[in-house]
Amino acid sequence: MREFAVVTRGRGFYEITREVAAWLREAGAGDGLVTLHIQHTSASLLIQENADPEVRRDLERFFARLVPDGDALFRHTLEGPDDMPAHVRTALTAVNLSIPVRAGRMALGTWQGIYVWEHRQKPHRRVVVGHFVGE
Amino acid sequence: MREFAVVTRGRGFYEITREVAAWLREAGAGDGLVTLHIQHTSASLLIQENADPEVRRDLERFFARLVPDGDALFRHTLEGPDDMPAHVRTALTAVNLSIPVRAGRMALGTWQGIYVWEHRQKPHRRVVVGHFVGE
Amino acid sequence: MREFAVVTRGRGFYEITREVAAWLREAGAGDGLVTLHIQHTSASLLIQENADPEVRRDLERFFARLVPDGDALFRHTLEGPDDMPAHVRTALTAVNLSIPVRAGRMALGTWQGIYVWEHRQKPHRRVVVGHFVGE
């Protein structure tokens with residue numbers, strides 16, 4: 001098991017593909033399965049395109065429109081107008097991912113990157129737990 | 001492998017964190033990975049905040065607005081006005097989860113609870129299958 | 001590890017349950033865990049009802065309304081009016097799934113089928129990577 005700390009600067013995407021790949025290399029991983037779990041309810045793990053950054057900005061635009069900050073629907077508002085939207089965005093995406101590993105490398109597609117998606121407006125320290133099973 | 005039966009009283013959240021934790025303890029699990037899979041297409045598994053219950057009520061409000069029961073868009077209506085919305089809500093969330101386990105305990109964050117999210121209006125018996133790999 | 005190639009004919013659902021089940025049988029899998037990962041950012045893996053095909057058509061109708069092709073919100077438009085919606089639809093669903101296996105058979109519910117959900121309008125060749133851990 002390995003913990004990755006990701007210090008965010010507020011809402012947005014923070015790529016962790018290299019950190020996870022480096023960990024597998026250092027651990028001498030061969031063939032197996034890597035699982036990542038984010039220990040939060042207002043930030044997600046997302047596999048998405050790592051080429052054009054406009055894709056991630058469009059994802060952010062879409063989710064900001066789908067789950068607007070300060071929506072009058074929400075009653076859990078004590079932690080700020082972006083807190084309940086952050087929970088909803090987390091429910092709509094993923095908090096854990098499992099990726100096959102072959103010869104020490106994750107079987108990601110060419111355009112796939114692994115991101116922490118911070119949903120809160122303010123900076124947070126996020127923890128992702130990694131687990132590898134295999135040989 | 002272990003089966004958890006969850007008898008729901010209709011739409012809403014049913015926490016199973018304790019049941020899963022107890023199973024891992026009884027099975028003598030050490031370090032590894034636990035996977036949960038719900039065997040249904042109109043109920044989800046969700047990791048969400050276990051503190052303020054208003055968070056889960058707001059989640060429910062949001063999804064009820066996003067995927068309204070009886071929406072005229074849907075043609076699969078034979079099983080009731082909440083059936084197709086239940087399928088959509090399941091597609092928008094998750095049917096399986098994988099969580100690293102360390103020294104017999106799931107590496108959940110402080111505020112993370114594991115829930116069966118029943119999307120149908122009427123009570124159902126839901127089955128969640130648990131798998132542990134490790135030592 | 002095993003690769004499944006799925007040649008799609010454009011947007012829609014392509015069931016792969018039988019292919020995965022056949023692979024587990026041929027590999028002599030007993031008890032364990034199977035993980036599937038799709039190596040793309042504009043197609044998903046989905047577990048959904050395998051009985052009435054109208055359910056999948058309604059899912060498609062819902063997502064087409066939720067994330068409209070050609071939405072003026074999007075700026076990443078070079079790859080066509082359906083490309084950015086395909087990324088959003090992928091973010092809203094899943095790119096990997098993990099299913100417990102007992103005596104060589106996936107612990108799917110009676111009505112659960114495993115689908116590649118192609119989100120692009122044109123045909124694509126999609127690759128799903130399968131991993132099994134167990135005995």
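Predicted model: local features only at pLDDT ≥ 70, side-chain atom pairs only at ≥ 80, totals over all residues.
Residues are numbered from 1 along each chain as its sequence is written, chains are lettered from A in the order in which they are written, and side-chain values use heavy atoms, with hydrogens and water left out.

Select chains A and B to begin: 30 residues of chain B are in contact with 29 residues of chain A (heavy atoms within 4.5 Å). The two chains bury about 2,500 Å² between them, 63% of it on carbon and sulfur atoms (accessible area, 1.4 Å probe, lost on being put together and summed over both).

Next, select B:Arg102 and A:Glu3, whose side chains meet in a salt bridge at 3.3 Å, N to O (a side-chain nitrogen of Lys or Arg within 4 Å of a carboxyl oxygen of Asp or Glu); the count between chain B and chain A is two salt bridges.

Now colour S3 (32–38), S4 (43–49), H2 (53–66) and S5 (96–102) of chain B, each of which supplies at least two residues of the side that touches chain A (DSSP runs, helices H or I of at least four residues and strands E of at least two, numbered from the N terminus). H2(B) gives the most to that side, with nine residues.

Move on to B:Ala103, in the loop between S5 and S6 (105–106) of chain B, where phi is near 50°, a positive value in a residue other than glycine. B:Ala103 is exposed, with a relative accessible area of 62% (exposed means over 50%, 1.4 Å probe, protein chains only).

Finally, select C:Ala103, in the loop between S5 (96–102) and S6 (105–106) of chain C, which has a positive phi of about 50° although it is not a glycine.

Notes:
Buried < 20%, exposed > 50% of the residue type's maximum accessible area, 1.4 Å probe, protein only.
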